[in-house]
Amino acid sequence: MNVREFERLYKRLYMPLCMYALRLVADTTASEDIVQDSFIKAWQYCEAGGIISSFQSFMYRTVRNECLLFLRGRQTMMGEEYIPEVSDTDIDTSERDARIWRAIGSLPDKCKKVFLLSKQKGLSNDEIAREMGITIKTVKNQMTKALGRLREILKDGEKPFFLPFL
């Protein structure tokens with residue numbers, strides 16, 4: 001595997017792998033570190049002459065194993081049975097979540113902040129307006145803009161279960 005191909009796979013798989021690791025370890029920073037370490041291990045394996053038939057499967061398995069090591073280090077689990085083998089559903093869910101977060105990340109800053117305050121923190125329009133120092137009408141306009149852009153970006157995919165308002 002050459003550097004260009006590895007880079008392409010890294011860009012495609014990084015966020016879905018982070019979402020998968022986050023579900024397992026419930027720590028954003030740790031999940032990003034785990035994924036980074038997993039990519040380093042994959043690169044070292046390839047450089048040593050190892051052949052990977054399915055890079056995606058290899059990476060999910062490596063991330064799972066790294067999550068197990070992380071959790072053992074924190075002594076928060078009793079055994080490996082608490083983290084099931086990687087399934088196609090895990091991969092699909094991770095890819096869907098990554099797609100949604102990329103779409104949210106592409107929103108303009110003010111629009112994204114209003115959207116996240118509403119949907120992630122559950123604040124009302126009035127609370128958002130007070131917190132951001134803007135009018136309620138501006139909050140409503142930003143939410144309309146956010147939802148419209150997210151609908152447009154995500155229109156080709158399945159509507160995610162936790163964003164039923166799209």
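# Briefing: cysteines, salt bridges and a helix pair

At 0% relative accessibility, cysteine 111 counts as buried. The model described here is a predicted one, and a search through the whole of it finds two salt bridges, while the number of disulfides is zero.

**Cysteines**

- The structure holds zero disulfides, and cysteine 18 is accordingly in no such bond, since the nearest cysteine sulfur, which belongs to cysteine 67, is 9.9 Å away, whereas a disulfide requires sulfur atoms within 2.5 Å.
- Cysteine 18 counts as buried because its relative accessibility is 9%, and the cut-off for that class is under 20%.
- Cysteine 111 also falls under that cut-off, with a relative accessibility of 0%.

**Salt bridges**

- Side chains of opposite charge can pair when their charged atoms come close.
- Glutamate 66 is buried, with 12% relative accessibility, whereas lysine 41 is partly exposed, its relative accessible area being 39%.
- Another salt bridge is formed by the side chains of arginine 130 and aspartate 126, at 2.8 Å from N to O.
- Arginine 130 and aspartate 126 are both found in helix 6 (residues 125-132), where they stand four residues apart, or about one turn of the helix.
- Arginine 130 is exposed, with a relative accessible area of 59%, while aspartate 126 is partly exposed at 36%.

**Helix 1 against helix 2**

- Two packed helices are described by the angle between their axes and the distance between the axes.
- The axes of helix 1 (residues 3-25) and helix 2 come within 8 Å of each other and cross at roughly 145 degrees, and this crossing of helix 1 and helix 2 is right-handed.
- Among the residues that make the contact are Phe6, Leu13, Leu17, Cys18 and Leu22 of helix 1, together with Ile34, Val35, Phe39 and Trp43 of helix 2.
- Sorted by class, the contact of helix 1 with helix 2 has 17 nonpolar, three polar and one charged residues.
- Cys18, listed in this contact, is the cysteine 18 described above as buried at 9% relative accessibility.

Terms used
Residues numbered from 1 in each chain as written. Predicted model: local features only at pLDDT ≥ 70, side-chain atom pairs only at ≥ 80, totals over all residues. Heavy atoms only, no water. Buried < 20%, exposed > 50% of the residue type's maximum accessible area, 1.4 Å probe, protein only. Salt bridge = Lys/Arg side-chain N within 4 Å of Asp/Glu carboxyl O. Helix = DSSP H or I, 4+ residues; strand = E, 2+ residues; numbered from the N terminus. Axes fitted to C-alpha atoms, helices over the stretch in contact; angles between N-to-C directions. Left-handed = near helix turned anticlockwise from the far one by under 90°. Contact = heavy atoms within 4.5 Å. Nonpolar A, V, L, I, M, F, W, Y, C, P; charged D, E, K, R; others polar.
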